[in-house]
Amino acid sequence: EWFFREHGHLLRDRLLYLPNPTIGNPAWMDADLRVLVVRLSSFRDVDRSSTHLVLARELRRDLPRAFVDLAFLPTSDDRALLERHGIPFLVGTQSHRAVEEFDLVMVSNSCLPELVNLPFLLARSRVPIWSRERDDEWPLFVLGGSNAAAGHAVVKTDGDAMPDALFFGEGEGAVGAIAVSALGSRGRPKPQRLEAMARDVEGWKGVEEAR
């Protein structure tokens, strides 16, 4: 919060970090689940794309008391400012909280070229890049989107992957199911949370094959 209070006006995309009451979030501490929707491109590159808005709407419909936040790849100027002050790149535009404070991270990958930004964003946010390096204290990272079929690019030959799970298929209806499952299994060890999602969410069969 201190960074956005004292230096937020210097950000090129500063308007993104202003309160947006249309999102309809409860207070952070009152939320049932805290979900961060991540776009792997800058807002200027995806502002005409409704993917993140569709995800937010689906989450709000199925979990009215969820705190739904958005994160984008910062512009080069903003990245330099964030790095100078030790601020991670993956920060919610509404909560101003770092990625590790969320329960669930849903990464939208719309095209192959932007997939290279995933390890970059993780590393610059001090997040262990590989799933097996993240213990139960980290949120679950789920990668989906129109380019999810190319998710093998972030899976190692030993089965480890950058996200904890991959989702294939239409997001309509499934996004909320993922979040509801995450809420129901919160507090359990990560393998149990992923097993619950595999049972609860259609499209998780592809995850098991990829991993």
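Modeller: Gladly! Let's start with helix H3 (51-62), which lies across strands E1, E2 and E3 and runs at about 165 degrees to E1. Contact here means heavy atoms within 4.5 Å. Axes are lines fitted to C-alpha atoms, for helices over the stretch in contact, with angles from 0 to 180 degrees between N-to-C directions. Helices (H or I, at least four residues) and strands (E, at least two) are DSSP runs, numbered from the N terminus.

Please keep in mind that this is a predicted model, in which local features need pLDDT of at least 70, side-chain atom pairs count only at pLDDT 80 or more, and totals for chains, interfaces and linings use all residues. Residues are numbered from 1 along each chain as its sequence is written, and side-chain values use heavy atoms, with hydrogens and water left out.

Now to the sheet under that helix. Five strands make up an open sheet, in the order E2-E1-E3-E4-E5, and their pairing is parallel; two strands pair if DSSP finds at least two bridges between them. At the edges sit E2 and strand E5 (165-166), each of which pairs on one side only.

Take the edge strand E2 and its partner. Strand E1 (residues 34-39) is joined to E2 by 5 bridges, and the two run parallel. If you want a pair to find on your screen, Val38 has Ala71 of E2 as its bridge partner. Although E2 is an edge strand, it is mostly covered, for 5 of its 5 residues (67-71) are buried, that is, under 20% relative accessible area with a 1.4 Å probe and protein chains only (over 50% is exposed, and in between is partly exposed). In a regular strand the side chains alternate between the two faces of the sheet. In E2 both faces are covered: Phe67, Asp69 and Ala71 are buried on one side, and Val68 and Leu70 are buried on the other.

Across E3, E4 and E5 lies helix H7, which runs at about 35 degrees to E4.

That brings us to helix H6 (residues 174-184), whose buried residues are Ala174, Val175, Gly176, Ile178, Ala179, Ser181 and Ala182. What covers these residues? The cover includes helix H3, strand E3 (104-108), strand E4 (140-144) and helix H7 (190-200).

Two packed helices are described by the angle between their axes and the distance between the axes. For H3 and H6, the axes come within 8 Å and cross at roughly 55 degrees. The two are therefore oblique to each other; angles under 35 degrees count as roughly parallel, over 145 as roughly antiparallel, 65 to 115 as roughly perpendicular and the rest as oblique. On the H3 side of the contact you will find Leu55, Glu58, Leu59 and Asp62, which meet Val175, Gly176, Ala177, Ala179 and Val180 of H6. These residues divide into 6 nonpolar, 1 polar and 2 charged; Ala, Val, Leu, Ile, Met, Phe, Trp, Tyr, Cys and Pro count as nonpolar, Asp, Glu, Lys and Arg as charged, and the others, Gly among them, as polar.

The other neighbour, H7, packs against H6 at an angle of about 140 degrees, with the axes 9 Å apart. H6 and H7 are therefore oblique to each other as well. Ile178, Ser181 and Ala182 of H6 make this contact with Ala196, Met197 and Asp200 of H7. By type, the residues where H6 meets H7 are 4 nonpolar, 1 polar and 1 charged.

Finally, here are two loop residues to look up beside the sheet. His96 sits in the loop between helix H4 (76-84) and E3, and its phi is near 60 degrees, a positive value in a residue other than glycine. Arg126, in the loop between helix H5 (117-123) and E4, likewise has a positive phi near 60 degrees and is not a glycine. His96 is buried, with a relative accessible area of 16%, whereas Arg126 is exposed at 54%. His96 is also among the residues touched by Phe4, which is found in helix H1 (residues 2-7) and is itself buried at 12% relative accessibility.

Methods
Lists of a residue's contacts leave out its neighbours within four places in sequence.
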